[in-house]
Amino acid sequence: MRNIKLVIEYDGKEFNGWQKQPNKLNIQGTIEQAIKSITGEEVELNASGRTDAGVHAFGQVANFKTNSNIPIDKFAIALNSNLKKSIRIISAEEVGERFHSRLSCKKKTYRYIINNSEISSAIYRNLETHIPQKLNAKKMKQAAKYFEGEHDFKAFKSSGTSSKSSVRTIYKAEVVEMPNSRIYIELTGNGFLYNMVRIISGTLVEVGLEKIDAKEVERIIELGDRNLAGKTLPPNGLYLLNVEYE
């Protein structure tokens with residue numbers, strides 16, 4: 001039995017998230033069907049994490065077990081020929097039996113993209129979130145640093161969170177000003193709660209709009225009150241950038 005690790009890129013706008021669901025187009029089920037097409041096997045594809053409807057990925061990681069003898073250097077090409085163009089297998093490699101894309105994961109990095117120009121983009125409207133009001137990126141950068149370290153992120157999770165503990169470690173939190181009025185919010189951590197990145201990004205937007213003081217973020221984290229944090233930003237601006245393993 002071989003254990004195959006895939007690195008996957010996808011445009012999430014037409015999918016109802018990663019997780020397999022009956023009668024709804026999803027990424028997991030679509031790739032599992034492609035695997036069945038080339039191997040003849042029903043497999044269980046395990047992802048590093050389940051992205052929501054409309055969320056994108058540059059570097060999602062998933063693994064599955066197979067008895068197929070297809071050469072590993074042919075796996076990505078074979079799968080891509082059986083997939084919608086909105087999903088691409090970037091690479092495939094054979095890994096050890098004990099590797100599990102979620103359980104073996106050490107770090108994940110997410111990026112949230114904001115278009116901060118006055119006029120929204122017709123081309124990229126499904127790939128970023130448009131906020132026409134001018135954001136104070138300097139204050140957003142100051143506020144982002146309060147998220148770094150180990151904290152209870154109770155104020156930054158949605159009610160649907162199934163995790164028992166809301167304590168997570170953020171290794172890096174950055175706000176990057178890009179050309180063409182784009183602002184990137186990038187978070188690297190050991191794990192994220194349901195909608196945590198979108199709520200942190202929403203809170204930083206409130207700081208950028210000067211509705212929340214940058215120093216107030218530290219207090220919001222300490223109090224753990226969801227009502228004090230910002231709105232949950234839409235999914236279309238969110239990307240799973242990469243997943244790291246030891």
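User: At roughly what angle do the axes of helix α1 and helix α2 cross?

Analyst: This is a predicted model, in which local features need pLDDT of at least 70, side-chain atom pairs count only at pLDDT 80 or more, and totals for chains, interfaces and linings use all residues. Residues are numbered from 1 along each chain as its sequence is written, and side-chain values use heavy atoms, with hydrogens and water left out. Helices (H or I, at least four residues) and strands (E, at least two) are DSSP runs, numbered from the N terminus; axes are lines fitted to C-alpha atoms, for helices over the stretch in contact, with angles from 0 to 180 degrees between N-to-C directions. The axes of α1 (residues 27-39) and α2 (residues 72-80) come within 9 Å, and their crossing angle is roughly 115°.

User: In which sense do strands β7 and β8 pair?

Analyst: Two strands pair if DSSP finds at least two bridges between them. His 151 has Arg 168 in β8 as its bridge partner. Over four bridges, β7 (residues 149-152) and β8 (residues 167-177) pair in a sense that is antiparallel.

User: Which residue in the hairpin of β8 and β9 takes a positive phi?

Analyst: β8 pairs with β9 (residues 182-189) in the antiparallel sense over seven bridges, and Ile 170 has Gly 189 in β9 as its bridge partner. Four residues lie between the strands of this hairpin, and the residue with a positive phi near 60° is Asn 180.
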